[in-house]
Structures are given as C-alpha cells and as structure tokens.
Amino acid sequence: MDIKVVGLACDHAGFALMQYVKKYLSERGIAWKDFGTDSEKSCDYADYAHPLALAVEQGEVYPGIAICGSGEGIAMTLNKHQGIRAGLSWMPEIAHLVRQHNNANVLVMPGRFIDEREAKAIMDEFLSTDFEGGRHQARIDKMPLR
C-alpha cells in the first residue's frame with residue numbers, strides 16, 4: 001500500500017484507542033491527519049466520518065482509519081460515500097482480506113472490542129497488504145451507484 005497521510009476519525013467510544021493509533025503511526029514515521037473527535041465526551045460519529053470520507057475521496061489522505069464503539073456506525077456512515085470502501089476489521093485476517101480482495105481505503109476498528117495489541121496486529125496487516133486486483137477489480141467496479 002502506498003501510504004500518503006493517514007486520515008483519522010473516531011467518536012467518544014473510539015477516542016482512547018485512537019490515541020494509541022496516533023502513537024503507532026508516529027513511531028513508524030507515518031504522517032496522519034486527525035478529523036476528530038478530541039475527547040471521550042459523547043458525540044456523533046457521523047460528524048467525523050464525513051470529513052474523513054471527503055478527504056479520502058479528494059486524495060488529501062490515504063488510507064483512513066476510523067474507530068467507534070462497535071465499528072459498525074462509523075463504517076456505515078463512511079460507506080455512504082461513493083468513493084469509500086471502509087472495511088470493519090476486528091482481527092488481522094479480516095484486515096488482510098478487506099485490502100487484498102476489497103481494496104478498502106479506510107480501516108474501521110471496534111474500539112470497545114479490541115485492545116492495543118489487537119489493533120497493532122490489525123493495522124500491521126492492513127497497511128502491509130496490497131490489493132490483488134484481477135477478478136476483485138471487476139467486483140469493485142460494480143459497487144458505486146453512479
């Protein structure tokens with residue numbers, strides 16, 4: 001994967017794990033841009049998912065990483081955007097497949113269900129896996145509603 005600047009977004013339930021994600025990326029010399037939130041105060045994931053999705057679609061950041069409690073809400077919101085393929089991953093094997101087969105451009109993790117060790121393994125896999133192309137590209141081409 002050719003990493004540009006990693007875009008980050010989370011809600012209150014993903015805030016603590018996102019602090020680890022920032023540390024992980026910084027320690028690896030990977031630049032990141034934070035689209036929020038900035039605390040554990042209750043908030044709505046859509047307020048941060050939409051700006052991240054737009055930045056990925058416009059090429060400002062690539063890839064993205066997003067976190068909410070279950071990962072589902074923020075993934076659903078991100079995937080409303082035609083240019084986004086957000087893949088919810090709670091284990092490295094799924095992170096591998098969402099990159100290899102689905103060319104996911106946003107990794108989504110469930111903040112309430114994984115710890116830092118698991119998040120590291122998931123990010124390691126996601127960021128080191130390339131898209132396989134071939135028959136998978138034909139499937140991806142059918143995703144947009146345009």
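Leu8 stands opposite Ile65 in strand S3, and that pairing is where I would like to start, with strands taken as DSSP runs of E of at least two residues and helices as runs of H or I of at least four, both numbered from the N terminus. What we are looking at is a predicted model, in which local features need pLDDT of at least 70 and side-chain atom pairs count only at pLDDT 80 or more, while totals for chains, interfaces and linings use all residues. Residues are numbered from 1 along each chain as its sequence is written, and side-chain values use heavy atoms, with hydrogens and water left out.

Strands S1 and S3 pair in the parallel sense over 4 bridges, where pairing requires that DSSP finds at least two bridges between the strands. S3 is also joined to S5 by 5 bridges, and these two strands again run parallel; here Gly64 has Val106 of S5 as its bridge partner. How many residues of S3 are buried? The count is 5 of its 5 residues, where buried means under 20% relative accessible area, exposed means over 50%, and partly exposed lies in between, using a 1.4 Å probe and protein chains only. Gly64, Ala66 and Cys68 point one way from the strand, whereas Ile65 and Ile67 point the other way.

Let me turn to helix H2, residues 46–57.

Leaving aside neighbours within four places in sequence, Ala49 is in contact, meaning heavy atoms within 4.5 Å, with Ala9, Ile74, Thr77 and Leu78. The C-alpha atoms of Ala49 and Ala75, 26 residues apart along the chain, are separated by 8.2 Å. Just after H2, Gly59 takes a positive phi of about 80 degrees.

By contrast, Arg112, in the loop between S5 and helix H5, counts as exposed at 59% relative accessibility. With neighbours within four places again left aside, Arg112 is in contact with His12, Ala13, Cys68 and Gly69.

Finally, the rings. The structure holds 1 aromatic pair. Tyr20 and Tyr24 form this pair, which is tilted, at 6.5 Å centre to centre with 45 degrees between the planes; rings of Phe, Tyr and Trp (its six-membered ring) pair if their centres lie within 6.5 Å, and planes under 30 degrees apart count as stacked, over 60 as edge-to-face and the rest as tilted. The two tyrosines are 4 residues apart in helix H1, and so separated by about one helical turn. Tyr20 is buried at 15% relative accessible area, and Tyr24 is buried at 3%.

The charged end of Arg99 sits over the ring of Phe126, 5.9 Å from its centre, by the criterion that NZ of Lys or CZ of Arg is within 6 Å of the ring centre and within 35 degrees of the ring normal.
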